[in-house]
Amino acid sequence: MRPSDDTLAGYNFAYLDEQTKRMIRRAILKAVAIPGYQVPFAGREMPLPYGWGTGGIQVTASIIGPDDTLKVIDQGADDTTNAVSIRRFFATVADVATTEKTTEATVIQTRHRIPEKPLTEDQILVYQVPIPEPLRWMEARETETRKMHALEDYGVMHVKLYEDIAHLGRIATSYDYPVKVNGRYVMAPSPIPKFDNPKMDRMPALQLFGAGREKRIYAVPPYTRVDSLDFEDHPFEVQTWDHACALCGSTESYLDEVVIDDQGGRMYVCSDTDFCGDRQAAQAQEAAE
Amino acid sequence: MPFDQNTATPGDERPLLRVAGLARHYGDRIGCTDVSFDLWPGEVLGIVGESGSGKTTLLNTLSARLDPTAGRIEYQTRDGEVVDVYGLSEPRRRMLVRTEWGIVHQNPRDGLRMAVSAGANIGERLMALGARHYGGIRDQAIDWMGRVEIKEERVDDLPRTFSGGMQQRLQIARNLVTGPRLMFMDEPTGGLDVSVQARLLDLLRTLVGEMGLSVILVTHDLAVARLLAHRLMVMKDGRVVEHGLTDQVLDDPHHPYTQLLVSSVLQV
């Protein structure tokens, strides 16, 4: 791609040089070909610290084009520090259109949520991943975890769930809940709440995962089966709330608990700000009519 | 090796494990070399010798954890198929080890997951084989805790809160839960005081008898060998210097080293 005149002087389009993008695209192609498999890639230093989305930002930089519209969310919100700075970064180095509307975006980079509105085939969801290895907590050796993936030796994943039930009476893992992709690889879905796990299953959009510190990329192609691990007598369940969203009244979305004073007062609001805003706008319009 | 039991067995029965010319070298150094023997179903084979004689190297090589430099190990599976252990693909070898074998380490820390509960330790093999019913797994774990004399109420406790003897019994339960046919034990009573040793040996003898297990047992303790093993192999400098029936080897040792070993035991 030719260096664009519109972007920041001295920088290639979307910050990364073309060789690097090709390398990352090759890793992405491999990841898509083997759903759930962690592909190592030569992660670059990015102008933000590890843990702030260096993996996601490299994936986004490699797939984004001048015609794309980018949305970035952090815990569902478009207006938090991480989301704002990454959105501005791409507006500066790639000169792409940005949006806060889920439906208008072609590329959505996310930290820890999947938007409430169902995604379509024309969209790509890019996850920021801190720890890509779901077996890490049970087996510290990377050589061993790779072998376990290769041999489909996943007994220890259920040991972790067993421990939850034995000590707490239920599976208490509430985020980064392990899934099996396409009936083969066990995968960490990044720290999304398990509320979002069912959305990954047979999602029409392509899902890409980038881990910058660990230098791994993995993917779930569109319409791929994603099963959350569970026991027959303790099936997978998502979180539920006794409240509706205090702003839009939704009972179907993932709610954040917000402490509003020092008397213990709290309110529950949608974590997906775009979803909540749209509902409020629609309600206001209805009220006006 | 002159030792051969083949003539003594009736019918078309085959040995469970057949080892021929097994060697493991560390560069120029010999770990163990030229080891051949047959192990029959229900038989307990003791390997004795001083430390550094190659016992543990041999055990690790036999139990598919250390590639041999030379030689071959044939194992007859539950379905009657005879397989070359190191000729199998790695997934099949792991499956074999997980379903038909058990390994009891000298140090329970090597054989247990210290950070997960006793129940999960016992259940791990079941889950690895596809058990997905929490209640069922837990019932089996509790059943096995009873059989190795650990109180049921400890099922959710971490092994690190257990005594040394309990950890060793837990390790045994964790291995036996999938009903293996062959157990490898490396100094199972090492580091335990004598009364606990005696209880553990009792338990092992009972379980071996009940389940018809075959066992390969490494120990430097001749008393343990005498109590558990039907046959003995004496090792020195990586070679088998003598083997035969346990009583025969201990009561009438032929090789000078065996004589030294037997006479070195303190008489109480």
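Buried area is the accessible area, taken with a 1.4 Å probe, that two parts lose on being put together, summed over both. In this predicted model, domain 1 of chain A and domain 2 of chain A bury about 1,000 Å² between them, with 47% of that area on carbon and sulfur atoms. In domain 1 of chain A, the residues that lose the most area to domain 2 of chain A are A:E116, A:K117 and A:F195, which together make up 46% of what that side buries.

The model is predicted, and local features need pLDDT of at least 70, side-chain atom pairs count only at pLDDT 80 or more, and totals for chains, interfaces and linings use all residues. Residues are numbered from 1 along each chain as its sequence is written, chains are lettered from A and ligands numbered from 1 in the order in which they are written, and side-chain values use heavy atoms, with hydrogens and water left out.

The domain assignment of chain A gives domain 1 (6-228) and domain 2 (241-289); such bounds come from an automatic or database domain assignment. The C-alpha centres of these two domains of chain A lie 27 Å apart. The contact between them (heavy atoms within 4.5 Å) takes 15 residues from domain 1 of chain A and 10 residues from domain 2 of chain A.

Across this domain interface of chain A the rule finds 4 salt bridges, a salt bridge being a side-chain nitrogen of Lys or Arg within 4 Å of a carboxyl oxygen of Asp or Glu. A salt bridge also joins the side chains of A:D278 and A:K101, at 3.1 Å from N to O. Polar contacts are pairs of N or O atoms within 3.5 Å; within protein, one must be able to donate a hydrogen and the other to accept it, and residues adjacent in sequence count only if both atoms are side-chain atoms. Between domain 1 and domain 2 of chain A, 11 residue pairs are in polar contact, both residues at pLDDT 80 or more. The side of domain 1 of chain A that touches domain 2 of chain A divides into 4 nonpolar, 3 polar and 8 charged residues. In this classification Ala, Val, Leu, Ile, Met, Phe, Trp, Tyr, Cys and Pro count as nonpolar, Asp, Glu, Lys and Arg as charged, and the others, Gly among them, as polar.

Between the chains, 20 residues of chain A are in contact with 22 residues of chain B. Chain A and chain B bury about 1,900 Å² between them, 60% of it on carbon and sulfur atoms. A:L151, A:V159 and A:Y162 supply 30% of the area that chain A buries against chain B, more than any other three residues.

The interface of chain A and chain B has 4 salt bridges by the rule. B:E90 forms a salt bridge with A:K147, in which the closest N and O atoms are 3.5 Å apart. Residue pairs in polar contact across the interface of chain A and chain B number 13, both residues at pLDDT 80 or more. On the side of chain A that touches chain B, the elements that give two or more residues are α4 (142-150) and α5 (155-168) of chain A. Helices (H or I, at least four residues) and strands (E, at least two) are DSSP runs, numbered from the N terminus. The largest share of that side of chain A, 9 residues, comes from α5(A). By class, the side of chain A that touches chain B has 9 nonpolar, 4 polar and 7 charged residues.

Over all chains, the structure holds 43 salt bridges. The side chains of A:R87 and A:E100 meet in a salt bridge of 3.5 Å, N to O. A:R87 lies in helix α3 (residues 81-93) of chain A and A:E100 in the loop between β3 (97-98) and β4 (107-111) of chain A, so the pair ties together parts that are 13 residues apart in sequence.
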